[in-house]
Amino acid sequence: MNHRRVVITGMGTVNPLGHDVETTWSALLSGKSGMGPVGLFDAVTFPSNFCAMVKDYDFAAQVPSAERHEHAGRHCKFALGAGIQAWREAGLEGCGELDRTRLGIYLGSGEGSLDFENFVSLMVDSWKGSGIDAVKWAELAFQRMDMWREVEQESNMVLSHLGAEFGVRGPAVNVLTACAASTQAMGEATRMIQRGEADVVISGGAHSMIHPLGMTGFIRLTALSKRNDEANTASRPFDMTRDGFVIGEGSSILIFEDYEFAMARGAKVLAEVLGYGASADAFRITDQDPEGDGAATAMRSALRDAKLRPEDIDYVSAHGTATQQNDEVETKAVKAVFGDRAYKVPVSSVKSMLGHLIAAAGATELITCVLAVRDQVLPPTTNYKTPDPKCDLDYVPNKARKAKVEVCMSNSFGFGGQNNTLIIRGSA
Amino acid sequence: MSGRRVVITGLGVVTPAGIGIQEFWQAMVAGRQAVRKIALFDASGFPCSIGGEIEGFSASKFVPKSYRKSVKVMARDIEIAVAAADLAFRDSGIVTRGIDGQKPDVDSKRLGCNIGAGLICADLNELGSAVTTAVTDGKFDLKKWGAGGIENLTPLWLLKYLPNMLACHVTIVHGCEGPSNNITCGDASGHLCIGESARWIARGEADVVIAGGAESKLNPMGFLRQHLLDRVVKGGNDRPAEACRPFDTDHAGTVVGEGGGLVILEDLDRAKARSAKIYAELAGSGSACDPGGIEVTKPNVGGMELAVRKAVEQAGITPRDIGVLVAHGTGVPGEDRLEARAWREALGDIAEKTPAFAMTGAVGSLFAGAGGVELAAAAMALDTQTVPPTANFAAADDACPMGLSRERRDGRISYALTAAFGIGGQSAACVLKRYEQ
């Protein structure tokens, strides 16, 4: 089918390594670690008690209309900062003539953080025998719970804040396919433009699960690294000694745009989206398909969509969470798709430095792909010391590498088995 | 819509007024009301204690034997989706691996899934029994929680509450290995999922997609949030069945309900080749956003007039062609008025003359579960050429001129239009066309 070309014209990010694109990028190229203690609550006794959090973020400095968003949740404030950066870079600021009904938004944002203290106090104070006394619970809940804190937990609220900030009147969608969400969002945003439903789409994701129940949930699933004494080197994608991911938080927002539309308004093109693929493992809620068939299907559909062959891919930005299972399965899937070429294509995981931004991971990783092409350099997989015979690809260990990079593939796989792949190339 | 034509060949609904499309539709046509005193939890501490509850429901009847154990790790929202999926596939005649005793006749890689979800609420008794093991001097003790209390929570706890688990369980049960998504845009989710899935098929990315949404807010936390938003009906406890009154002069807020609807979307040629029953063709869809939606304390319909216009335009029809409007009708006075205005802005004067229907009078608000059921109702209206009565509608609020009726109406219907909007400012609409050989 003949359709419109889609380009990226703006990018913004707020993450554990930086509150803008360039700071983040130089941190990644120098192999910095975003890990540290949990500064948001006292996690000292938690089996896993560190994280990759966003530190010293100055919301009011980044978002001139901060007052308007005073109720916004933590992840939403990141998204507003990232969104404004992207909007500015795309040259859309002060672009009064932009037809807002042709402006869409498609995000992969997570739920807002729970009002934890009040939430647990309600359970404790209304507990009777083996359950809550619902009448007592309700009475106390009306005294303690705040309407805004509750509303802002709905995962579409980031959409609402960004929609208000940029005056969106076109299509507006949020998806929450767990760790794959923002990659999925950017893929579907691309489709929206290809089909002509919008000329410009704000896309990406935002998430923070650094709260007691978020960390509890992942700890119970044994998904988090327990290297409490070695936080800086705890995230070890593809390394033999990997023991889980490090929970991160943040937001990355990108401006997707119809190529002709971008040209007509004289925008600078940062990259072109060539392909998108989505699939489901349909295997188990707790495990990935051990053969990586679902992951391979997403990569293959993205290649088919891009009309490219595996040989055309210069770099794979891995999902690479540093769980035993993901890294082994992803390696298998890359081999299944790339064949002999698998050993020649560099595959790296910036989660070694950034931690896992969950719903926001894919968008942040796509930004690194765009920059890899711009600067002809690949971000490394840090903390890589002990090779695992089951993970035997070129993971760009420990040091950034100069390379000829034109076309990049970015993978995201969600808990529950939803897989997404995007392929981009540098500005044509 | 450009590309391949997409039709609806299966309907699966789980609602307070009936489980399965036939039971639901008969209840709608008969004008049956299903709102009652809440039995799922003791709601007597809330100003409103009524809801649209699905009685005696469990997903275990709707999964293959081998999957029954998994029902334990499903929040109620997930159970509703899983049951609706079973009903939808069976209704369509497509055999997936989730149908015991038969050989699957659909290519898993060409089978997609797209199920809308809301913010799933934790079971307070389950979580509380772990939380209360970490208490010091009558207060929750975070240190104690980290040091051991945490172990009292079931390992898979988080997986009960991830909103993608509705779709994930359905993909696992039925082997849907194609494109997979789940949209979380409140009440607009179902329409959005169905619109997006139809485009996957039109573009050739999948041949069959199961799409729609499900949600239950009938638990203390979900119920509380609707109260805090001040959307819940006032004074309805003494007459639960009559409490939700969409567009009526006496509308006084919504009733919190639970439920879900999933439809089977299929490439027309595939459906014809297997001589499937075709309920309707998906002729157009659209979505929109209202920047004012951020002010959640004020009524907002998410730019629904734009979504409706786009859907009608994509279907290539004029407002005059539309035989039935399946309205969203929350029963919140400010929302009803803005919704009626949006229909009018999008369609013109003919909006109020077009026969309309809202299921909320009977079942209450189904949130992320609403859209799939509304699409199923629109498909049934086309299939049976009937517009059901709207339960609890007596006389229209002056500011809500809508073509609702207390009586069922039969007549020629070629196109059905349905739209919905959620808290926060997003909306979506779909146009269905009667399928004729």
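This is a predicted model: local features need pLDDT of at least 70, side-chain atom pairs count only at pLDDT 80 or more; totals for chains, interfaces and linings use all residues.
Me: What makes the contact between H4(A) and H5(A)?
Reply: From H4(A) come Asn118(A), Ser121(A), Leu122(A) and Asp125(A), and they meet Trp137(A), Leu140(A), Ala141(A) and Arg144(A) of H5(A). Sorted by class, that gives four nonpolar, two polar and two charged residues.

Me: Which residues make the contact of H11(A) with H12(A)?
Reply: H11(A) brings Ala295(A), Ala296(A), Met299(A) and Arg300(A), while H12(A) brings Val329(A), Glu330(A), Ala333(A), Ala336(A) and Val337(A). Seven of these are nonpolar, none is polar and two are charged.

Me: How do you know that strand S9 of chain B is largely enclosed?
Reply: Count the buried residues. A residue is buried if 20 or more other C-beta atoms lie within 10 Å of its own. Nine of the nine residues of S9(B) (residues 208–216) are buried, so the rest of the structure largely encloses this strand. Val208(B), Ile210(B), Gly212(B), Ala214(B) and Ser216(B) point one way, and Val209(B), Ala211(B), Gly213(B) and Glu215(B) point the other way.

Me: What makes S9(B) a partner of S5(B) and S10(B)?
Reply: Strands pair if there are at least two bridges between them. S5(B) (residues 111–116) is joined to S9(B) by six bridges, and these strands run parallel. One pair of bridge partners is Ile115(B) and Gly212(B). S10(B) (residues 258–267) is joined to S9(B) by nine bridges, and here the strands run antiparallel. Ala214(B), for instance, has Gly260(B) as its bridge partner in S10(B).

Me: Why is Thr222(A) called partly exposed, and what is the phi of Thr222(A)?
Reply: Thr222(A) has 14 other C-beta atoms within 10 Å. Exposed means 12 or fewer and buried means 20 or more, so Thr222(A), with 14, is partly exposed. Its phi is positive, about 55°, although Thr222(A) is not a glycine. Most residues other than glycine have a negative phi. Thr222(A) sits in the loop between helix H9 (212–220) and strand S9 (249–258) of chain A.

Me: Why is Asp230(B) classed as exposed?
Reply: The count for Asp230(B) is 11 other C-beta atoms within 10 Å. The cut-off for exposed is 12 or fewer, so Asp230(B) is exposed. Asp230(B) lies in the loop between helix H7 (220–228) and S10 of chain B, and has a positive phi near 60°.

Me: What makes Lys404(A) exposed?
Reply: Lys404(A) has 8 other C-beta atoms within 10 Å; with the cut-off at 12 or fewer, Lys404(A) is therefore exposed. Its loop joins strand S14 (401–402) to strand S15 (407–413) of chain A. Leaving aside neighbours within four places in sequence, Lys404(A) is in contact with Asp314(A) and Gln376(A).

Methods. Residues are numbered from 1 along each chain as its sequence is written. Chains are lettered from A and ligands numbered from 1 in the order in which they are written. Two residues are in contact if their C-beta atoms, placed from the backbone, lie within 7 Å. Helices (H or I, at least four residues) and strands (E, at least two) are DSSP runs, numbered from the N terminus. Ala, Val, Leu, Ile, Met, Phe, Trp, Tyr, Cys and Pro count as nonpolar, Asp, Glu, Lys and Arg as charged, and the others, Gly among them, as polar.
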